[in-house]
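Colleague: Could you walk me through this model? I would like to go slowly, one topic at a time.

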Amino acid sequence: MWDLLKAVVLGTLQGLTEFLPISSSAHLRIFPEWFGWGDPGAAFTAVIQIGTELAVLIYFRKDIWSIGSTWVKALVKPELRGTHEARMGWFIIVGSLPIVLLGITLKDVIERDFRNLWIVATMLVVMGVVLGIADRVGRNERRTESIGMKDAVLMGLAQAMALVPGVSRSGATISMGRFLGLEREAATRFAFLLAIPAVVGAGLFTLPDIPNGDNAYGWGPTLVATVVSFVVGYAAIAWLLRYVSTKSYTPFVIYRIALGLTTMGLLYAGVLVASGS
């Protein structure tokens, strides 16, 4: 029962933080340590992200269907290859390649070395500063329809940085989008679409690890956390897209830096253990 309650808390945390540019993996690494629960494991983290990605699939179902169906038709109908939807299909595929290739290549390093809390806290601060600069200098003049292959490659490379906990998949991708002049809503929307293949793939790739020890909770609590993350995540998507249409990312920048510095202070004081338990 206690593991189930922990799973509900962690699922809520995942749902709230997956779509905000504050790093869900950092929160799932830091807060269990604060609570004395230890590291829930990289496999647990990856699988419950499927819940939030299911929320993306349902929320953006019309966009996904339009892009996917047009892309498939364009393979045999040349007249469709220049459409925005067909091109977006290729952009998502190409943009997903960096994180997929690096994720498979660096799997052991990610699960072992990158989860050190000093690294997590440092990335929270560094990428918080990067997000703040990107949002300030971004020209805010390009909409989703203007995205090209160069944008997809650069945003895909930025997304790959999120293999390091604390970077934030959405934060890194949005930052690159803002540097490229995309409007906040356009950068955020493309970041969500670009994340779907990577996160669902990561969850499925690590499913076999769940029974083998890389998970502090096991299947039951993991499934509960996944369902909770889906419900909370769906609500978070709608809120964030409304928020960024009129406001800046400054509150997220401040929060990231504050959380990172606080974690560093607790590590230095010996309250937290960098390598987890």
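**Pockets, a helix pair and a few residues**

Modeller: Sorted by class, the residues that line the second largest pocket are eight nonpolar, three polar and one charged. Please keep in mind as we talk that this is a predicted model.

Colleague: Which residues line the second largest pocket?

Modeller: The lining is made up of Asp63, Ile64, Ile67, Gly68, Trp71, Gly89, Ile92, Ile93, Ser96, Leu193, Ile196 and Pro197. Helix H4 (61-74), H5 and H10 each give at least two residues to that lining, and the largest share, five residues, comes from H4.

Colleague: And how much space lies in the second largest pocket?

Modeller: The second largest pocket holds about 220 Å³ of space, while the volume of the largest pocket is about 620 Å³.

Colleague: Let's turn to the largest pocket, then. How many residues line it, and which lie nearest its centre?

Modeller: There are 31 residues in the lining of the largest pocket, and those nearest its centre are Ala46, Ile110, Leu163, Arg169 and Ala202. The elements that contribute two or more residues to this lining are helix H2 (24-34), helix H3 (42-59), helix H5 (84-105), helix H6 (107-112), helix H9 (169-179) and helix H10 (184-206).

Colleague: Which helix gives the largest share of that lining?

Modeller: That is H10, which supplies seven residues to the lining of the largest pocket. By class, this lining is made of 15 nonpolar, eleven polar and five charged residues.

Colleague: New topic: at roughly what angle do the axes of H1 and H2 cross?

Modeller: The axes of helix H1 (residues 2-17) and H2 cross at roughly 150° and come within 9 Å of each other, and the crossing is right-handed.

Colleague: Which residues meet there?

Modeller: From H1 there are Leu10, Leu13, Gln14 and Thr17, and these meet Ser24, His27, Leu28, Phe31 and Pro32 in H2. Divided by class, the residues of this contact are five nonpolar, four polar and no charged.

Colleague: Take Thr17, then. Is Thr17 buried or exposed?

Modeller: Thr17, which is in helix H1, has a relative accessible area of 5%, and it counts as buried because that value is under the 20% cut-off. Apart from its neighbours within four places in sequence, Thr17 is in contact with Ile22, Ser23, Ser24 and His27. As for Leu28, its C-alpha is 9.3 Å from that of Thr17, and the two residues are eleven apart in sequence.

Colleague: Where is Ser168 found, and what is its phi near?

Modeller: Ser168 is in the loop between helix H8 (149-160) and H9, and its phi is near 85°, again a positive value in a residue other than glycine. Ser168 is buried, with a relative accessible area of 5%.

Colleague: Last one: which residues is Thr263 in contact with, leaving aside neighbours within four places in sequence?

Modeller: Thr263, which lies in helix H12 (residues 250-269), is in contact with Ile30, Trp34, Ala121 and Leu272 once those neighbours are left aside. Thr263 is buried, with a relative accessible area of 0%.

Technical notes. Residues numbered from 1 in each chain as written. Predicted model: local features only at pLDDT ≥ 70, side-chain atom pairs only at ≥ 80, totals over all residues. Heavy atoms only, no water. 1 Å grid on protein atoms, 1.4 Å probe; cavity = no way out; pocket = protein on both sides within 12 Å on 5 of 7 lines; lining within 4 Å. Points joined across faces, edges and corners; volume = space filled by probe spheres on them. Helix = DSSP H or I, 4+ residues; strand = E, 2+ residues; numbered from the N terminus. Nonpolar A, V, L, I, M, F, W, Y, C, P; charged D, E, K, R; others polar. Axes fitted to C-alpha atoms, helices over the stretch in contact; angles between N-to-C directions. Left-handed = near helix turned anticlockwise from the far one by under 90°. Contact = heavy atoms within 4.5 Å. Buried < 20%, exposed > 50% of the residue type's maximum accessible area, 1.4 Å probe, protein only.
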